[in-house]
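Have a look at the model first.

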Amino acid sequence: MNYKNLLLAAVGLCGIAACSPAPQAESNASASQPNPAPSAVRQLEEEPMQSKILVAYFSHSGNTAAVARQIADKTDAVLYEIRPQTAYPNEYSQLLDQAKEEIRSGFLPPLQQPLPDISSYDIVFIGSPNWWGTYAPAAGAFLAQYDWSGKTVVPFFTHGGGGMQNCSRDIQKHLTQANIGPAAAFRGRSGGADEKELEKWLTKIGL
Ligand SMILES: Cc1cc2nc3c(=O)[nH]c(=O)nc-3n(C[C@H](O)[C@H](O)[C@H](O)COP(=O)(O)O)c2cc1C
């Protein structure tokens, strides 16, 4: 499938807001449950050269990771987990406070290395939880490492009931000159996104 041309066509036809699916009202399962192993999904360390799609994501409690794995499974993509050098606190109120302060101050946390070479990929999905109505600083820190000129970037988010809020709008400040695909927001669940909803979105993108 000539997914690149299809994707670019979809990007050309759809404005971000118009193409962003509304969040579904689904049960929000516990985020502390372990997520299933990524099965046939290729890991960056194992096989970096063959796929033309990269799914890069930050996830604190596993929900965004679960969606990232679904996307990678369905698109034969390479997965990359964005990891801050200093892990976020597990205690929820501490996490809320730290995230709020980082977002307020525009802090971008230093990331663990190595970072992927994005020149190998035609399409880069970027995933983040919705934190305080916007993207998580670690996702911004990842995007800030690169020049996105001419790249096709597709943002996706998971949320706890607030939906997209300002996630897609805000993350675009790190994506100047990129072709930005239709962003999606999925209700955060340890089991990942609703399969039909996810497939509908991927079809819209042309994948
Ligand atoms: C610091 C913090 C702030 C959050 N703010 C929001 C929010 O504003 N709106 C919302 O719908 N969910 C919010 N959530 C819930 C997360 O978006 C949701 O649980 C998400 O699926 C978590 O993804 P993860 O498991 O990949 O970390 C917040 C969670 C945290 C930890």
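## Helix H3 and its end

Helices (H or I, at least four residues) and strands (E, at least two) are DSSP runs, numbered from the N terminus. This is a predicted model, where local features need pLDDT of at least 70, side-chain atom pairs count only at pLDDT 80 or more, and totals for chains, interfaces and linings use all residues. Residues are numbered from 1 along each chain as its sequence is written.

H3 is largely enclosed by the rest of the structure, because 10 of its 13 residues are buried (20 or more other C-beta atoms within 10 Å of the residue's own, with C-beta atoms placed from the backbone). Among them are Asn63, Thr64, Arg69 and Gln70.

Val55 sits opposite Phe125 in S4, whereas Leu54 has Val78 in S3 as its bridge partner. From S2 the chain goes through H3 to S3 in a right-handed β-α-β crossover (clockwise from first strand over helix to second, with the strands pointing away from the viewer).

## Ligand shell

The ligand has 22 residues around it, and Thr64 is among the closest (a residue is near if its C-beta atom, placed from the backbone, lies within 6 Å). H3 is one of the elements giving two or more residues to this shell.

Notes:
A residue is buried if 20 or more other C-beta atoms lie within 10 Å of its own, exposed if 12 or fewer, and partly exposed in between; C-beta atoms are placed from the backbone. Two strands pair if DSSP finds at least two bridges between them.
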